[in-house]
Amino acid sequence: MIKALKDLLSYIKNPIYYADKTTDRMGFIFLLPLYLATAIFFGIFIFIISNTFNLTHKEIVLSPALKFLVVVIFVPIYEEILFRSLLKFKRINIFLFITTLIGLIIICILKSNTKVLAILSFILLSFLVLITSVKRTHIELYISSKFKYFFYSTILIFGLIHAFNFTGNKYAILTFLIILGSPQLVLGAILGYIRMNYGLVYSILFHMIVNSFIIFSIIRGL
C-alpha cells in the first residue's frame, strides 16, 4: 500500500502522458482505503458546513435496486468516459465519448431536462467541430505536450460539478465549493492516476467499488 501511495503522489505531482505500462493489475485496490479515509476526513467538514448553512445533498429518487444499478454501474461508466477517456485521444475513446454524450442527450430529452440538454448538446457540437477541423494526431500531440493542464482540469471540473449536488444557500455553496467537492477532487486525482497507469477499464472498476460503498451506506440507512 505504501508503494501505491508513493506512486500516486509522484504521478499527481508530475502527471505525464504515456502508454499503459506493465504493472500490478490489482495494485490500485490498495488506493481504496486511502480514498475512504480522506473522504471520511473531509466528510466531517462537509457535515459541519451542511448543518450550519442548511445545505442538503440531492438524492436519486429510485428503488434500492434501481439506485444500485444507476449509482454503481451506470454513473461510473459514463463519468469515466466523459471525464477521463479523452486523456488518451485515441479513436476508440473518441467513439466512446461521442456515444456516451448522445446517450445522455437522449435521456435528457426523455426527461425534459432542458438545462443539461443544452449543455451536453453544446459540448457535443463543439467536440464534433474540433475533430472534423483538426487532425486527431495533432490534437493528441497537443494534449501530450500540455498534459498536466488537461489532467488537473479533469480533477477540478469533476470535483466542482459534484459540489453543485448540494442545494440550499447558494452563497454558502459558492463560498465552500472546494470543501464540498473535496472528496471528489481526491477521487478525481486517484481515478486520473489509475486511468493513465492501468487503463480506463480499471478507473471504471475503481469508481464502481467506491460508489458501491456509498450506495450500501445509503440503502442501509433507509
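User: Why is Ile94 called buried?

Analyst: Ile94 has 11% relative accessibility. Buried means under 20% relative accessible area, exposed over 50%, and partly exposed in between (1.4 Å probe, protein chains only), so Ile94 counts as buried. The model is predicted: local features need pLDDT of at least 70, side-chain atom pairs count only at pLDDT 80 or more, and totals for chains, interfaces and linings use all residues. Residues are numbered from 1 along each chain as its sequence is written, and side-chain values use heavy atoms, with hydrogens and water left out.

User: What is Ile94 in contact with, leaving aside its neighbours within four places in sequence?

Analyst: Contact means heavy atoms within 4.5 Å. On that basis Ile94 is in contact with Leu86, Phe89, Phe127, Ile131 and Arg136. Ile94 itself lies in helix 4 (residues 91–111); helices are DSSP runs of H or I with at least four residues, numbered from the N terminus.

User: How do you know that the span of helix 5 agrees with its number of residues?

Analyst: The expected span is 1.5 Å times one less than the number of residues. For the 20 residues of helix 5 (residues 114–133) that gives 28 Å, and the end C-alpha atoms are 28 Å apart, so the two agree.

User: Why is Leu69 called partly exposed?

Analyst: Leu69, in helix 3, has 47% relative accessibility, so it counts as partly exposed.

Methods: Helix = DSSP H or I, 4+ residues; strand = E, 2+ residues; numbered from the N terminus.
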